[in-house]
Amino acid sequence: MEKVKMLTGFRPTGKLHLGHLHGNIMNMIKHQHEYENFFFLVDWHALSTEYQNPVNIKKNLLDCVIDLIALGVDPKLTHLYRQSDIPEITELTLYFSMITPLSWLERCPTYKEQINQLKSKDLSTLGFLSYPVIMAADILIVNANIVPVGEDQLPHLEITREIARRFNYLYGQYFNEPQELLSQSTRVPGTDGRKMSKSYGNAIYLTDDHETITKKVKMMITDPQRIKLKDPGHPEVCNVFTFYNIYKKQDIKNIEHRCRNADIGCTACKSELADIIYESLKDFQGRRQELEKDPQSIYKILEEGKNQVRKISKLTIKQVREKIGID
C-alpha cells in the first residue's frame with residue numbers, strides 16, 4: 001500500500017528561528033516515521049523577495065539543511081532536496097499559470113500582508129504575485145497528501161487545492177487536494193508581537209547564544225497596564241506568556257496564576273524564559289557544530305534527494321502532458 005506523502009519547504013533567506021521550529025519543523029520530525037516525506041529548500045521562492053541581493057541564498061541553503069538534520073530530520077526517512085534541482089516544477093508552474101485566474105492571487109491575504117510589511121523591497125513583480133502558483137507546483141509535482149504549515153500559509157494551501165480542482169475539472173481527475181497539518185503553535189510571535197520573521201527583524205534564531213536570547217527576550221512586550229511589581233498581570237496580552245504556552249504548557253495554570261497574583265515580576269519572568277529557550281537549543285547547537293565540519297556530506301544528501309524526487313517529477317510531467325493532450 002502506498003504511503004501518505006507529506007511535503008514542506010523552507011526559504012533559504014537566512015538562519016532558522018523559533019517560528020520555523022514551532023510552526024512546522026516539530027510536526028515534520030514527529031511524523032517522519034509515518035509518511036513518505038518530501039522536505040525541500042525553496043531557493044526559487046527566495047528569489048521572489050531577494051532578487052536584488054541573491055548572493056547569500058546558496059550559503060543560507062546549506063545552513064538550512066544543516067539545521068534540519070541537527071534538529072532531527074532523518075535523511076534515511078526523508079527526500080531532502082533543493083527546489084531548483086527539480087526543473088519539472090517550472091514546467092508544471094507554467095501549466096498551472098494558464099488555468100489560475102489573477103483574482104485568486106490578488107485576493108490572497110498573505111500577499112497583501114507581505115506587500116504591506118516589506119515596504120523596503122519592491123515586490124511589485126510577477127514572480128512575487130505568482131508565488132502561490134509555484135507553491136502549488138511544488139506540492140503537486142509529487143502529489144503530496146499532507147502539508148505541515150503555520151496558519152499564515154493556509155491561504156496558499158487553499159489556492160493549491162483550487163488549482164488541483166480546476167485541473168481535475170478541465171483535464172480529468174489526477175491531482176490530490178492536499179490537507180494542512182497544523183502545529184499546536186500555529187503562529188509564533190516575534191519579539192515585537194508580530195509574526196516571527198527574519199524579514200521583520202524580530203526573530204530568535206536557533207543558533208543564538210544565551211546572551212543574545214536573553215537580550216531579545218528582554219525586548220518582548222508584556223502587559224502595558226502592569227507598572228509596579230505588585231500590580232496584577234494580564235497574561236492574555238503578554239508576549240512572554242505566549243512563549244510559556246509553547247515551552248511550559250504542562251505548568252501553564254501555575255504560570256498564569258503567579259502572573260495574575262503578581263508573585264513574579266516581568267523582568268524575572270523574562271530571565272526565566274530566556275533560560276528555558278536556551279536550554280531547549282543546547283543539544284541542537286552541539287550537533288550543528290559537528291555537521292558544519294563536513295559540508296560534503298550535506299551536498300551528498302541533497303544529490304541523493306534530487307535523484308529520488310526527479311524519478312517522481314518526470315513521471316508526473318509525462319502524465320500531466322497526456323492529460324492536457326499536448327503529448
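In this predicted model, Ser197 counts as buried, since its relative accessibility is 11% and burial is assigned under 20% relative accessible area. Ser197 is located in the loop that runs between strand 5 (179-182) and helix 10. When residues up to four places away in sequence are not counted, Ser197 touches His17, Asn202 and Ala203.

The protein as a whole contains 14 helices and five strands. Its radius of gyration is 21 Å, close to the 20 Å that the globule rule gives for 327 residues, so the protein is as compact as a globular protein of that length. Taken along the principal axes, the box filled by the C-alpha atoms is roughly 75 × 45 × 45 Å. Of the 327 residues, 51% are buried, and among the contacts with a separation of 6 or more, 78% are accounted for by residues 24 or more positions apart.

The crossing of helix 10 and helix 13 is right-handed. On the side of helix 10, the contact involves His210, Ile213, Thr214, Val217 and Lys218, which meet Lys270, Leu273, Ala274, Asp275, Ile277, Tyr278 and Leu281 of helix 13. By class, the residues of the contact between helix 10 and helix 13 comprise seven nonpolar, two polar and three charged.

Phe241, Tyr244 and Asn245 of helix 11 make the contact with Ile252, Ile255, Glu256 and Arg258 of helix 12. Four nonpolar, one polar and two charged residues take part in the contact of helix 11 with helix 12.

The loops around these helices include that of Pro232, which is placed between helix 10 and helix 11. Pro232 is partly exposed, because its relative accessible area of 46% falls between the 20% limit for buried residues and the 50% limit for exposed ones. Although Pro232 and Asn261 are 29 residues apart in sequence, their C-alpha atoms are 5.3 Å apart in space. Apart from its neighbours within four places in sequence, Pro232 is in contact with Asp223, Arg226, Cys259, Arg260 and Ala262.

Ala262, one of the residues in contact with Pro232, lies in the loop between helix 12 and helix 13. Ala262 counts as buried, with a relative accessibility of 4%. Most residues other than glycine have a negative phi. In Ala262, however, phi is positive, with a value near 55 degrees. Asn143 likewise has a positive phi, of about 50 degrees, although it is not a glycine. The position of Asn143 is in the loop between helix 8 (131-140) and strand 4 (146-149), and at 15% relative accessibility Asn143 counts as buried.

Key
Residues numbered from 1 in each chain as written. Predicted model: local features only at pLDDT ≥ 70, side-chain atom pairs only at ≥ 80, totals over all residues. Heavy atoms only, no water. Contact = heavy atoms within 4.5 Å. Helix = DSSP H or I, 4+ residues; strand = E, 2+ residues; numbered from the N terminus. Nonpolar A, V, L, I, M, F, W, Y, C, P; charged D, E, K, R; others polar. Rg over C-alpha atoms; globule rule 2.2 N^0.38 Å. Buried < 20%, exposed > 50% of the residue type's maximum accessible area, 1.4 Å probe, protein only. Left-handed = near helix turned anticlockwise from the far one by under 90°.
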